[in-house]
Amino acid sequence: MGPAARTIISLGVGGLVTAVIIGSTLVTSSVAQDNPPGVSAPQVLLSRQLLREADVRVGDLVTVAADADGSRGVSFRVVGVYEPTPDPRKFSAQRLEARLHLPDLMALTEEAADPASADAVSAINLALVDRGNADGVGAAIARRVPGTRVASTEPSADPNDLFVVLDRFHWAIAIVTVTGSTAFLLALMVMRAEQRRDIIGILRLMGVSSRSILFEVLLEGLLIAVAGALFGVLLAVASQGAINRFFQWRFDTTLVFVRVTAAIAWKAVAFAVPLGVAAGLAASWTLLRRSVVSLVGR
Amino acid sequence: MTPIVEGRGLTRTFPMPSGAVTALRDVSFQMAPAEYIAITGPSGCGKSTLLHLLGCVDAPTSGSLLFEGRDVARLSESDRSRIRLTRVGFVFQRFFLLPMLDAWENVELPQAEMGAGLAARRARTRELLDYVGLADRARHRPSQLSGGEMQRVAIARALANRPALLLADEPTGELDEDTGEQIADLFDRVHADGTAIVVVTHNPVLARRAKRHLVMKRGALGADR
Amino acid sequence: MTSRALAWRTAAAEPARAALAIAGVAVIGALLFDMLMLSQGLLVSFREMLDTSGYDVRVVASDVFPARVDLTNASEVAADIARLPEVRQVTIVRTDRAVVLVPGRAPTDVALLNLSPGAERQGWRIVDGADLGALGPQESAAPAVISRQLSRALGLSPGSPLPLRALASGAASALPIVGFTVVGIADFQFENDGPYVLATTFEAFQRARASVSSDTADVILVASRPSIDASATVAAIAGRRRDVHAFSNEQIVERFNENGFAYFRQISFVLSTITLGFAFLLVATLLTVAVNQRLGQVAALRALGVSRRRIASTLVWESALLVGTGGLLSLPLGWILALGLDRILRDMPNIPDALHFFVFEPRLALWHLALLAATGLAAAVYPVWVATRLPIAATLRFETVS
């Protein structure tokens, strides 16, 4: 018994389908099945989300139309399902997508009144022999085909690029957070230093030099700061999993929202440790400058 | 006459990681109103533990304690707190004055807790600071007072709500001999004014001022000296 | 002495600690306030931007907004809609992308704009020079009204020549350069695709696109009559024309809220939550350390008969003083911080001048203070528990011996 034929009318209605032009070599689906013998319907891959939304199974026959009213629909065989490449610019959008062979898509979307539409594409992706020559290739293409927009996939150096701006935004947030927590850290260090006023006074009475006490404070601060920084990194690593899982569930995507890399961890430690040590030193400094009598007296 | 405090078979055991420690063993104790009792003994014999039980600060592991005829074990914590506020005054070895309040405010604090009106509090606080000889130091903070002065403020605070019983735990422990004498004199006055006093002390001068002298040894109370 | 007075005296006795704690709360509170503003700011700003444009309905070719296909027969559609009794005014908007090629300057991308005649006053406000129509019919160059930013970037003024080539997407050919003359410089009133805008007449627009015979448009803007609700106008248009789709401003805002603004909603939620958690941890830690430093005092007060309730209320007041003072300071600090963060985010491409990410609403200040108050209360729970449950005798003993 073959798979039940399902008809999807007007996948173009409501903009549910974004047909992505790819060649068959770029398929990244899970299971792809050959057409059963005698069935000549062209093949289509559906995104996991569309498969679920349209209640379709692999092997089903569906109708795909580029027109909003569903006219000029063509039957396709669903031969596989794929996970859409996560796109941070579309993370909140429902990824209701289908992938067709290029000739099938072009046949589907061509306009009788516009001969050029049979040979029109949205974009062409290039893999360069020399990846470092993206600018040169782009310039050459612009000369040969004026009016073409050429963009490299390398992270943009444009300070107004979306992700560059967001990076600045995140840094600003981080700086504010660190400033606030530094104030609290200093408050705690001041309390701690005051708590040890008697001990420091006794040590000074016994003849222990300010320098030795300062070194001890420094060492202690360093140990606490390193332990705290490492704990913070571990906490971040542990919570990144929870954050990613939550938002991947929330937006039904495989996009990774938070990633703690080695570079980020080192940056955090490099920031936190000197800050912790400096806070401890700053808080103890006034005590060490006071006279011994005032330290042990009430 | 109902004893102000009556304890029967008081035992207090503290669980420790290395094994339970019995600080009080089957102690029976009775105190009449306006009595003056000194308790002495070596360090760790349970003197302070007994004091804490008498002041309803701690509860015995076994035995019964009656305060002015009321079974302390049957009282709620808020009732015991009320007893401490209105019927008992505490004086500590380390004074435990609030450092951010001056002498006047420290003495006034228990009265405010009891709900006394402003005029009554002012009158009583002035009276007490006069009583302990510190009227001219009323607006000084503890950091500006000597050890003896701080202890006198602490005594004034303990007497703020006219307690029936004053409990003093090593009140002269951090003071020199002369200052200790001054505190002893003050306790004599307090006793003469009708307040019962139990003082735990190593100071023989202070111990001699009391009318009863009890010696504790290894958690047990010996005969009156 | 009241608990509040006692709390104040405690804080005043350690001014450095109190000042630092308040500063910490103020900074973290400022971030929280900003995240609250961000959570709805874009939506509020976008809605305001749409509403102040003077139009309450937008008509496009497809049922998604923004539309991906052009409206065809735009003039006929606009005239048909204008005949509806619900409609006061109709404006056709045509836009395209172009490149201006000023000698000695790098090619500059601009948004090419055309509005129906008569709608210019709502589209832009002339700040220098004249409006479209200033050039006589004998002039060969097409008239252009350009944005202030474009005039500054390229050093243009009224009378400057401006060669322009429209960009034809999807076509393997280049459109010819068309000569424009700057007749005026303006501030453009409503949403635009970037800061560089060039508005021109319909004829010049068509000439630039080499599409003299086509009558396509991006969107038709509709203003309802004063007594008519936008939803009624949408329904009337849907009833009259089945080949187009009408959206009220509210519907557009809703669609953008679901998709385009999702990132900012999410980040504001995440950061608000983290900030509150942060503030809670920091205040709780500070109070707990403070209580631990004063255990002897607390035990002595309990021994003297001071009730648990009094101890608890004093600590709650201490928390309230720290968080309350810091919270009030965080409002002006947050406002200043928001200006900076807004400036950073507005560097993103294609953000209209009138759009802001952080928008102040009085209710947000109330929410902010309420959240901080709840955090301060919650932060006091553990230290209150420690202070009110401490074993009095054991603490006295420990404090005496140590």
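Of the 298 residues in chain A, 30% are buried, meaning under 20% relative accessible area with a 1.4 Å probe and protein chains only. Keep in mind that this is a predicted model, where local features need pLDDT of at least 70, side-chain atom pairs count only at pLDDT 80 or more, and totals for chains, interfaces and linings use all residues. Residues are numbered from 1 along each chain as its sequence is written, chains are lettered from A and ligands numbered from 1 in the order in which they are written, and side-chain values use heavy atoms, with hydrogens and water left out.

Chain A holds eight helices and five strands, taken as DSSP runs numbered from the N terminus (helices H or I, at least four residues; strands E, at least two). From the N terminus, the order is β-β-α-β-β-β-α-α-α-α-α-α-α. As for contacts in chain A with a separation of 6 or more, 71% link residues 24 or more positions apart; a contact here is heavy atoms within 4.5 Å.

Now hop over to chain B. Four of its strands make an open antiparallel sheet, ordered S2-S1-S4-S5, with pairing requiring at least two DSSP bridges between two strands. Strands S2 (21-31) and S5 (70-71) of chain B sit at the edges with a single partner strand each, so one side of each has no neighbour in the sheet. Helix H1 (residues 47-54) of chain B packs on this sheet, touching S1 (5-14), S2 and S4 of chain B. Two bridges join S4 (residues 62-67) of chain B to S5(B), and B:Leu66 has B:Asp71 as its bridge partner in S5(B).

Terms used:
Buried means under 20% relative accessible area, exposed over 50%, partly exposed in between (1.4 Å probe, protein chains only). Axes are lines fitted to C-alpha atoms, for helices over the stretch in contact, and angles run from 0 to 180 degrees between N-to-C directions.
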